[in-house]
Amino acid sequence: MKFPWGQAMRVGLGVLHLPPSEFWAMTPRELAAAMGRTGPGDAEPTRQWLLALEKELLGACSEMEKR
């Protein structure tokens, strides 16, 4: 499962108009809520969702370190 970065950035930056620094400072729970995951069955991010987020963030960090 690949993390939906496009959707996350559209919500955070486009819909909520967050400055990038605030968007990237959001917790996974805050990001999930902003993306509409607030129903009774999906109020908390799943383990799979968090693992995908972790993998994407670690990949992004290693890419930044290469620069």
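This is a predicted model: local features need pLDDT of at least 70, side-chain atom pairs count only at pLDDT 80 or more; totals for chains, interfaces and linings use all residues.
Reader: Thanks! Is Trp24 buried, partly exposed or exposed?

Author: Its relative accessible area is 48%. Buried would need under 20% and exposed over 50%, so Trp24 counts as partly exposed.

Reader: How many aromatic pairs does the structure hold, and what kind of pair do Trp5 and Trp24 form?

Author: The structure holds two aromatic pairs. For Trp5 and Trp24, the ring centres are 5.3 Å apart and the planes are at 40 degrees. Since stacked needs under 30 degrees and edge-to-face over 60, the Trp5 and Trp24 pair is tilted.

Reader: How many residues apart in sequence are the parts that this pair ties together?

Author: Trp5 sits in helix H1, residues 5-15, and Trp24 in helix H2, residues 20-25. The pair therefore links parts separated in sequence by 19 residues.

Reader: What kind of aromatic pair do Phe23 and Trp24 form?

Author: Here the centres are 4.7 Å apart, with 75 degrees between the planes. An angle over 60 degrees is the mark of this class, so Phe23 and Trp24 are edge-to-face.

Reader: And which residues form one aromatic cluster?

Author: Trp24 pairs with Trp5 and also with Phe23. Trp5 is buried at 16% relative accessibility, and Phe23 is buried at 3%. The cluster is made up of Trp5, Phe23 and Trp24.

Methods: Residues are numbered from 1 along each chain as its sequence is written. Side-chain values use heavy atoms; hydrogens and water are left out. Rings of Phe, Tyr and Trp (its six-membered ring) pair if their centres lie within 6.5 Å; planes under 30 degrees apart count as stacked, over 60 as edge-to-face and the rest as tilted. Helices (H or I, at least four residues) and strands (E, at least two) are DSSP runs, numbered from the N terminus. Buried means under 20% relative accessible area, exposed over 50%, partly exposed in between (1.4 Å probe, protein chains only).
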